[in-house]
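Please find below a colleague's note on selected features of the model. Comments are set out as numbered points.

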Amino acid sequence: MTEPAEMVPALPPVVSDESPSTDANLMGPSFEPTHPLAIAPVLQPPVTVDRFVEAFLHELNYGQGVLLSRSTVNDQYLALARTVRRFMMAGWLETGARRRAHPEKMVGYLSAEYLLGRQLGNALLATNLQDIAESAMRQCGIDISTLRAQEVEPGLGNGGLGRLAACFVDSLATMDVPCIGYGIRYEYGIFRQTFEGGRQVEVPDSWLALGAPWEFPHPDRRVQVDFGGYTETTTDAAGRARTRWVPSWNVLGIPYHIMVPGFRNGVVNTLRLWGAEASHAFDLQIFNSGDYEEAVRAQTFAENISKVLYPEDSTPQGKELRLQQQYFFVACSLHDYIENTLPHGFDLHELPERIIFQLNDTHPVIAIPELMRILIDLKGFEWDEAWAITRKCFAYTCHTLLPEALEVWSVDLLGRLLPRHLEIIYRINEEFLLEVQEAYPGEEMRARRMSIIAEHPQRSVRMAYLATVAATKVNGVAALHSELLRDKVLPDFSSMWPDKFTNVTNGVTPRRFVRMANRRLSTLITETIGEGWVTDLERLRELEPYADDASFREEFRDVKLANKERLVSLLRVRDGIELPTEPMLDVMVKRLHEYKRQTLKLLHIVSLYQSVISGERPIEDITPRTFVFGAKAAPGYHLAKEIIFAINSVAAVIDADKRVAGRLSVVFPANYNVTLAEKLIPAADLSEQISLAGKEASGTGNMKFALNGALTIGTDDGANVEIRELVGDDNFFLFGMTEPEVEKLAATGYDPGTYYESDPRIKATIDLLASGYFNSGDRGALAPVVDNLVHHDPYMVLADFASYLDVQARVDTAYADQDDWSRKAILNVARSGFFSSDRSMKDYLDRIWKP
């Protein structure tokens with residue numbers, strides 16, 4: 001094959017009134033103006049390697065302004081990304097044109113987080129360009145894996161909530177469901193985690209520093225968002241009294257589009273993220289006077305709104321910034337849909353027929369009074385007709401059972417920042433309480449419990465209650481979670497509106513987390529059951545008979561070993577960690593929170609280690625294990641950060657102790673993210689899902705591990721319940737109290753000290769932690785963690801410890817029989833097709849969006 005020229009001729013511009021991007025004039029030869037789409041054919045199917053090379057070099061030459069021989073890896077990555085993006089652009093334009101011509105009800109997915117992961121691999125997979133792109137890069141003398149590694153993952157989410165949102169928009173595109181995902185374009189996103197002396201240190205996540213080729217801004221579609229000020233009563237032209245909001249300041253929301261491709265179906269949906277800018281960013285007169293900082297103060301103030309994900313909110317300023325963020329993105333999004341997406345002159349009485357806004361937890365709930373404000377104050381609707389419309393336009397997903405995660409905003413803050421919205425919330429509450437009194441006459445305490453406005457400890461707005469009152473449906477995210485949400489968290493509301501509550505168990509996209517993350521397993525599956533399972537994951541059931549096939553089990557083990565070797569290579573380069581491939585890979589990766597009980601895993605590790613160094617057990621009796629943690633703690637969550645320090649302290653000592661070399665090792669790679677998950681999850685043998693029963697809403701990591709052939713040790717909590725029911729009790733390691741048992745123990749009075757004193761294993765384990773053994777003799781180093789366990793233990797770690805150790809012993813026994821372990825792992829894969837996010841989206845469509 002001849003080598004490509006370094007430079008290709010410039011392409012003439014494309015003229016089109018349909019193009020959403022200023023760079024669309026580089027897409028190919030001109031069309032006649034009468035062409036209905038005027039989409040350039042440069043990368044429309046069929047795409048050949050030679051055409052791909054030409055398009056890539058065109059991007060390199062005329063996009064980056066460099067010759068191939070002079071280009072850097074980043075130049076090459078940006079050129080490749082934009083080449084693939086152009087291919088998707090044709091589908092994006094066609095999808096938009098088709099839906100404008102034949103409008104259907106749309107989903108507006110409102111989420112403060114989208115944990116997307118790297119985009120290049122997913123785009124290549126969705127467009128079926130992997131092989132062509134690899135061959136094209138090889139023809140240019142480039143290793144495409146180097147370009148994949150160059151991409152910086154957008155840090156636009158913190159954990160399961162954001163990853164779920166990303167899975168859902170992927171599934172909606174794959175299912176050709178009209179959807180716009182709305183969120184915030186955080187300049188720095190979630191922090192990048194590093195460790196210094198074993199302690200978490202947060203540094204800015206500069207994911208935009210080297211370019212963001214998957215997004216394109218539309219400053220011409222900017223939205224003004226108002227804050228502060230006061231309201232006043234006016235009279236409209238018909239003589240009706242109206243309320244007018246007179247804000248004291250405002251910012252601009254700039255939309256940035258990211259395309260969301262469906263899997264090989266030509267459909268491309270939109271993720272629209274909003275960045276904040278000052279409406280008057282620069283004062284030239286002040287600048288010329290020499291006060292340079294004051295000249296850009298407005299710009300700095302405005303841009304803080306979209307600077308970081310979840311600003312630390314232990315201060316009044318932090319709380320205010322969080323509320324600013326939430327209102328900013330929903331105000332932009334509602335305005336965008338009503339003014340820019342709906343056709344001109346659309347009758348807003350018909351709005352519920354065209355859109356359902358899904359509230360992904362409480363962060364976007366302020367959208368409810370915002371829509372009321374738009375309809376009443378800006379569009380002239382009467383209250384009753386506006387409320388009737390609004391109550392049909394929202395659905396609410398609750399993602400938690402923890403009281404602190406059900407957001408409340410003080411009326412002082414809300415009234416100062418959004419005075420008109422507080423007035424609307426007050427009236428919603430007044431009318432709602434009249435409904436309550438009519439339904440339950442004389443039950444004053446019930447009305448107080450259900451009021452959207454809480455009176456104690458300070459007057460505040462309960463956002464989950466507002467969402468429940470306004471939403472057409474309220475759903476939990478796993479069967480147990482939905483039951484507890486209905487019966488324990490919102491029982492008065494479910495009693496009043498039983499049909500409003502439903503369940504949609506979470507799911508994960510098999511495209512990213514099986515087909516892309518685990519190519520070896522995907523190949524084995526396809527060779528065994530054929531194509532099509534990637535968009536019909538229940539077909540994995542066809543693998544069940546092969547669990548009894550010895551040759552298939554051997555191939556399955558080979559896949560797992562190859563995935564471990566891939567992980568070893570990654571961690572060696574990424575973190576300088578040397579990981580053995582022979583031991584069981586025992587993995588616990590999730591957001592650091594007490595209820596998730598990373599401390600229980602830590603106690604298990606210390607217990608094993610203590611049994612060896614005390615002479616209680618010979619080292620030969622210990623099943624070789626490598627324990628892997630991945631977790632970030634919120635910057636203001638002191639105890640969570642102390643738990644990270646404890647894990648790293650224990651890891652350092654165990655990994656340096658030659659007495660347990662080859663048997664026990666603990667690793668904690670910093671900055672766990674989607675990119676690392678895609679390598680770690682396929683390599684795992686054991687998945688730790690050990691939250692206290694009744695505290696985890698669902699979990700999605702548990703699903704990813706099961707689909708990739710890891711066995712689960714877990715409590716009956718969240719989606720663990722459904723995983724266990726589907727894969728079978730023999731293929732799941734269940735331990736711990738049930739939710740009713742937890743409630744009973746809490747009611748009778750839980751005293752962790754009695755467990756510490758009465759169980760020698762617990763006492764020996766905690767005493768070793770407290771002795772300073774893991775901290776050069778400093779007995780106080782781990783005191784925050786030890787004291788919390790012995791004297792408080794709100795998530796009953798010590799109560800479940802004995803059961804956990806007993807079941808871990810069963811894990812050891814099962815792992816010793818590798819052939820039977822493989823059989824169990826294959827059945828986990830085969831029986832986990834239910835946990836596709838495609839199925840979740842079908843449930844949303846059937847139960848919530850199109851009832």
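Predicted model: local features only at pLDDT ≥ 70, side-chain atom pairs only at ≥ 80, totals over all residues.

1. Residues are numbered from 1 along each chain as its sequence is written, and side-chain values use heavy atoms, with hydrogens and water left out.

2. Helix α10 (residues 316–341) packs on helix α11 (residues 367–378) at about 45 degrees, the axes being 10 Å apart. That angle makes α10 oblique to α11 (under 35 degrees counts as roughly parallel, over 145 as roughly antiparallel, 65 to 115 as roughly perpendicular, and the rest as oblique). Axes are lines fitted to C-alpha atoms, for helices over the stretch in contact, and angles run from 0 to 180 degrees between N-to-C directions. Helices (H or I, at least four residues) and strands (E, at least two) are DSSP runs numbered from the N terminus.

3. The crossing of α10 and α11 is right-handed (the near helix is turned clockwise from the far one by less than a right angle). On the α10 side, Tyr327, Val330, Ala331, Leu334 and Ile338 make the contact (heavy atoms within 4.5 Å), and α11 supplies Ala367, Glu370, Leu371, Arg373 and Ile374. This contact has eight nonpolar, no polar and two charged residues (Ala, Val, Leu, Ile, Met, Phe, Trp, Tyr, Cys and Pro count as nonpolar, Asp, Glu, Lys and Arg as charged, and the others, Gly among them, as polar).

4. Between α11 and helix α12 (residues 383–390) the packing angle is about 140 degrees, and the axes lie 9 Å apart. This makes α11 oblique to α12. Ile368, Leu371, Met372, Leu375 and Ile376 of α11 meet Trp383, Ala386, Trp387, Ile389 and Thr390 of α12.

5. Seven cavities of 30 Å³ or more are found in the whole structure (on a 1 Å grid over the protein atoms alone, sets of points where a 1.4 Å probe fits but cannot get out; lining residues have an atom within 4 Å of a point). The largest holds about 140 Å³ and is lined by 13 residues, with Leu116, Gln119, Asn122, Ala166 and Val260 nearest its centre. Its lining comprises seven nonpolar, three polar and three charged residues.

6. Most residues other than glycine have a negative phi, and most peptide bonds are trans. Asp361, not a glycine, has a positive phi of about 75 degrees. A cis peptide bond, with omega about 0 degrees, joins His456 and Pro457.

Definitions and conventions
1 Å grid on protein atoms, 1.4 Å probe; cavity = no way out; pocket = protein on both sides within 12 Å on 5 of 7 lines; lining within 4 Å. Points joined across faces, edges and corners; volume = space filled by probe spheres on them.
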